[in-house]
Amino acid sequence: MSTVKKQHYVWRNYLRPWADNEKIQTYFIAERKIELINLMGVAQQRYFYKLIDLTGDEELFLKEFIKKSGDEADISFYLTFLELFTITSKMKKDLDKEFPIKNDQYENLIKELEINLMEQAHGMVENLGFKLINYRNIDDLKTIEKDDYMFDAIFFLCVQYFRTKNIQKAVQKTFQGNRMEELAKKLGIY
C-alpha cells in the first residue's frame, strides 16, 4: 500500500466538466490571480483525511452523544462508523500492550492506515455518486426511487457536503474551548 499524500476534499469529477485536458482555471485569493492548474492540484490538502487519536473522554463523549441521537438502527450505524474513525488508535493501543518494544514495521503499517483509510472510504462513497452526476434531466432524476437508489444518492450528497474544508473548519470551531463540556452537560452525559 502506498500513502496518498494529496487528498481531495472536492471530488475531481465535479470539477472535470469545467476543466480542459484535466486543467482548470483556479483563482488564488491571497495572490489575487488566476492560473491554469491540473485537477490533481486543486481542492486538496496533504493528508486531509488522516485519522487522529481521540482521547478516552472524547470517544466516550461521542458514544454517549450517538446513543442519544435516534432510533436503534441509526445508533448502530453511527457507532459502527465511529469505530472506523478509531480503529487505528485501538490498534496502536493493542500493539503497545502486546509488544512493548517498538516495531517500525507495525508502526509504518498503522501510519499508512491512518492516512489512507478515510481516503479509500471516500473513494467508495464517490462510486455511489457516478450514477447521480450522470443524470441529465428531471426524468433521469425520477428513476432514483424506481432503482432503489435513494439512500445511496442521499448518503453520497451528505458525505460530499460534509467532507469540504469549510464545513470541517465550522465543525471544529463548534467544539473549540469548553464547547464539548457544555454539550455533554446539556446531553446529560457527564
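What follows starts with an arginine and then turns to the nonpolar cores.

A quick word on the source: this is a predicted model, where local features need pLDDT of at least 70, side-chain atom pairs count only at pLDDT 80 or more, and totals for chains, interfaces and linings use all residues. Residues are numbered from 1 along each chain as its sequence is written, and side-chain values use heavy atoms, with hydrogens and water left out.

Look for Arg163 in the loop between helix H6 (150–162) and helix H7 (165–174); helices here are DSSP runs of H or I, at least four residues, numbered from the N terminus. Arg163 is buried, at a relative accessible area of 4% (buried means under 20%, with a 1.4 Å probe and protein chains only).

What does the side chain of Arg163 reach at 2.7 Å? The backbone oxygen of His8. A polar contact (a pair of N or O atoms within 3.5 Å, one able to donate a hydrogen and the other to accept it; residues adjacent in sequence count only if both atoms are side-chain atoms) also links the side chains of Arg163 and Tyr49, at 2.7 Å.

Now over to Trp11, which belongs to the largest nonpolar core, a set of 9 residues that also includes Val125, Leu132 and Phe156. Such a core is a set of buried Ala, Val, Leu, Ile, Met, Phe, Trp, Tyr and Cys residues joined through side-chain atoms within 4.5 Å. Helices H4 (104–133) and H6 each give two or more residues to this core, and H6 provides the largest share, 3 residues. Another core, of 7 residues, lies apart from it, with Tyr9, Tyr49, Leu51 and Leu117 among them.

Key. Buried < 20%, exposed > 50% of the residue type's maximum accessible area, 1.4 Å probe, protein only.
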